[in-house]
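Q: Please look through the complex shown below, chain by chain, and work through the questions that follow.

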Amino acid sequence: MLISYLPILILLLVVMGFAISNIIISALIGRHKPTAEKLSPYECGVEPIGSARERFSVKFYIIAMMFVIFDIEVVFLYPWAVAYKSLALFGLIEMAIFIIILLVGYVYIWKRGGFEWE
Amino acid sequence: MEIVIPPFDLKSISPIIIITVFAIIILAIDVFFKKTLRDALGYFAILVVAVTGMVVGTQLGETVYSFSNMFVVDNFSVFFSLIFLVSTGIVILLSIRYTKQEGINNGEYYTLILFATMGMMLMAGGADLLTIFLGLEIMSISLYVLAGFRRDCVRSNEASLKYFLLGAFATCFLLYGIAMLYGATGTTNIKEIASFLANNPSLSNPMIVTATSLLVIGFGFKVACVPFHKWTPDVYEGAPTAITAFMSVGPKVAAFAAFARVFLVALPDVGQKWSVILWVLAALTMTVGNLVAIAQTNIKRMLAYSSIAHAGYALMAIIAGGDFGPASLIFYMLAYTFMNLGAFAVVIILGRKGEENANIEDYSGLGYKHPILAVSMCIFMFSLAGIPPFVGFIGKFYIFSAAIKNGFIILAIIGVVNCVIAVFYYLRVTVVMYMKKPVREFAPLSLSPFIIIALIITVWGTIHLGIFPGKIIALVQNSSLLY
Amino acid sequence: MIPLTWYLILSGILFSIGAVGVLIRRNAIVIFMCIELMLNAVNLAFITFSRQLNSMDGQIFVFFIMTVAAAEAAVGLAIIIAIYRNKATVNVDDINLMKW
């Protein structure tokens, strides 16, 4: 069973060998004349401003937190959507209750100022 | 494809629905009418607990399975639900003044307490590992937040972080155990697991043995038994005192309810193997809890270690099993609720803002300055130590006799020896209160009518159940039939 | 086809990596990520068993684990932010006001 994967393994080895040997060969026989311009990170030709290792504002965390909650709750909509026809009205009411509970949470965050950036 | 919607019985979960809906309403009131109604939220929460308690009370005596056998209402779950509601009610009474004093009187506080209570009720009534897991998480997540409710206090933050990281870690083990059990038996329903194991040899199946030990780790963490107890003292010390009181009772009792149901109903056959493990755990829990409690100077930490020791006694009830094991577990949990919450009530009354008067030395001279308070503290300490006229004695007696009846004599002896050790540090509080000169002036007491009611209820429970336990014991014995 | 046992072995390995990570890492956020890894290892085990046993229960369980994990993630991040605001560190070795 696994033997059928052998060609893929061979291809993988060949590809890796080719890539690695190319890097080594170019490092060995290429000419090295580093300048400040060449060593700077490539940002589509625009000159980089400041360091790339800046800290993110803590506000992103709060947005991420709220995103995670509401994002994952959608997982319960999938089985409902798949069986929508056969669940009929019952499923619709169930989902409505579910969404209303989520909505209360949403209103709560809104009122508490969770969506305000400043 | 035709989907048949299984019959469901909303009446069986009506207490849970009520408490959830009103918790959400409290949240909404807090957001929309913050200024005018904030103080009333605590009273409202008490009302909700009382109403829920009445609804739960009407369910006594029936046994109903609902939601495709996912949830069960039987005497066992009803009795546990009542214990949760009593403890939640007392904790809310303790909180009304305390939250104002600490500046944390937000509506979220009561909402989260009610959600946690709902999770506990779900755990007690869970007849499927899925329901138990869901209840456990609803309870735990609410508690993670509550432990860190004093947002600007570093200790509170630290307690919350420790509780969260270790709690989530333990949940993973519990879940892996459930996954293993599911793989071995093909179901997550407790009853079906039991019937599967009755027909198949379970001890030879390594997957079930692994699953059992993972479940022991998961539940062992939640009930704080040694060696999974390291989080307890830190979390208890850092959390707001009212929440510490809540955590030391409700979640522990809920975890024991789920523990008992899973191990006594679903896995009785594996009994031979796990009772040896639990035997060692119980002995360790009692001994370590009591010995380390002696060394504590902070009253909240002392009560934390004492609660660890009490988890050891309760574990003994589960090991004993049989007819009396579950009954003694329920009775002990009720007794523990009254005496432990009472002790915390005194700690809260003596606390002041920012600094919670938490050193045992600070209680010196209390006997002369505030005699009534000192007497009630003595009652709780004696009861926790298991000294006769109080409920703690009856509870311990019941558990030890259940253990002896089922042949765990050595364990019972270890338990009795531990009671003697425990007397030492409980009595030290009494000695400090009466025999020592005050170290410094007492702050004005943070009294309110509510906290006095809470104190009266707990003192009454501790004494009354200690002298007239007959009625409750009869009820408890009715409730211990798990199926 | 890859045998189902392999998935279980993978799940076991992931679970162990997560558990070891929780024990040896010192950054609260990394510890939390290790816990998430453990939860996902459990999910993998559930899905495998569900496939093997031909029952849907395992998949339903995974739904619930995912949503609970999301709620836990939100609460966990909030706790970590709160502690960072007060202490300016998320190293668990420095968060040690209380011991014994």
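Q: Which residues touch the most other members of the largest nonpolar core?
A: A nonpolar core is here a set of buried Ala, Val, Leu, Ile, Met, Phe, Trp, Tyr and Cys residues joined through C-beta atoms within 7 Å, and a residue is buried if 20 or more other C-beta atoms lie within 10 Å of its own, exposed if 12 or fewer, and partly exposed in between, with C-beta atoms placed from the backbone. This is a predicted model, in which local features need pLDDT of at least 70 and side-chain atom pairs count only at pLDDT 80 or more, while totals for chains, interfaces and linings use all residues. Residues are numbered from 1 along each chain as its sequence is written, with chains lettered from A and ligands numbered from 1 in the order in which they are written. Of the 226 residues in the largest core, those that touch the most other members are Leu94(B), Tyr332(B) and Val42(C).

Q: Which helix gives the most to this core?
A: Helices (H or I, at least four residues) and strands (E, at least two) are DSSP runs, numbered from the N terminus. With 21 residues, the element that gives the most to this core is helix H14 (residues 324-350) of chain B.

Q: Which residues is Val42(C) in contact with, leaving aside its neighbours within four places in sequence?
A: Two residues are in contact if their C-beta atoms, placed from the backbone, lie within 7 Å. Once the neighbours within four places are set aside, the contacts of Val42(C) are Cys172(B), Leu175(B), Tyr176(B), Ala179(B) and Ile65(C).

Q: Which helix supplies the largest share of the side of chain C that touches chain B?
A: Across this interface, 33 residues of chain C are in contact with 31 residues of chain B. Helix H1 (4-24), helix H2 (28-53) and helix H3 (57-87) of chain C each supply at least two residues of that side. The largest share, 16 residues, comes from H3(C).

Q: How many residues of the side of chain C that touches chain B are nonpolar?
A: In this classification Ala, Val, Leu, Ile, Met, Phe, Trp, Tyr, Cys and Pro count as nonpolar, Asp, Glu, Lys and Arg as charged, and the others, Gly among them, as polar. On the side of chain C that touches chain B, four residues are polar and three charged, and the number that are nonpolar is 26.

Q: What radius of gyration does chain B have?
A: Chain B contains 20 helices and two strands, and buried residues make up 62% of its 483 residues. The radius of gyration is taken over C-alpha atoms, and the globule rule is 2.2 Å times the number of residues to the power 0.38. For 483 residues a compact globule would have a value near 23 Å, which agrees with that of chain B, 22 Å.

Q: What radius of gyration does chain C have?
A: Chain C has three helices and zero strands, and its C-alpha atoms fill a box of roughly 50 × 25 × 25 Å along the principal axes. Buried residues make up 35% of its 100 residues. A compact globule of 100 residues would have a radius of gyration near 13 Å, but the value for chain C is 17 Å.

Q: Which helices of chain B do the buried residues of H17(B) pack against?
A: Helix H17 (residues 391-405) of chain B has 15 residues, and its buried residues include Ile394(B), Tyr398(B) and Phe400(B). These buried residues of H17(B) pack against helix H13 (299-320), H14, helix H16 (371-385), helix H18 (409-435) and helix H19 (449-467).

Q: What is the omega of the peptide bond from Val226(B) to Pro227(B)?
A: Most residues other than glycine have a negative phi, and most peptide bonds are trans. Pro227(B) is placed in the loop between helix H9 (206-222) and helix H10 (231-238) of chain B. The bond from Val226(B) to Pro227(B) is cis, with omega near 5°.

Q: Is Ala224(B) buried or exposed?
A: Ala224(B) lies in the loop between H9 and H10 of chain B, and its phi is positive, near 60°, in a residue other than glycine. Because 28 other C-beta atoms lie within 10 Å, Ala224(B) is buried.

Q: Is Met16(A) buried or exposed?
A: Met16(A) lies in helix H1 (residues 6-29) of chain A. Because Met16(A) has 10 C-beta neighbours inside 10 Å, it counts as exposed.

Terms used: Expected span 1.5 Å × (residues − 1).
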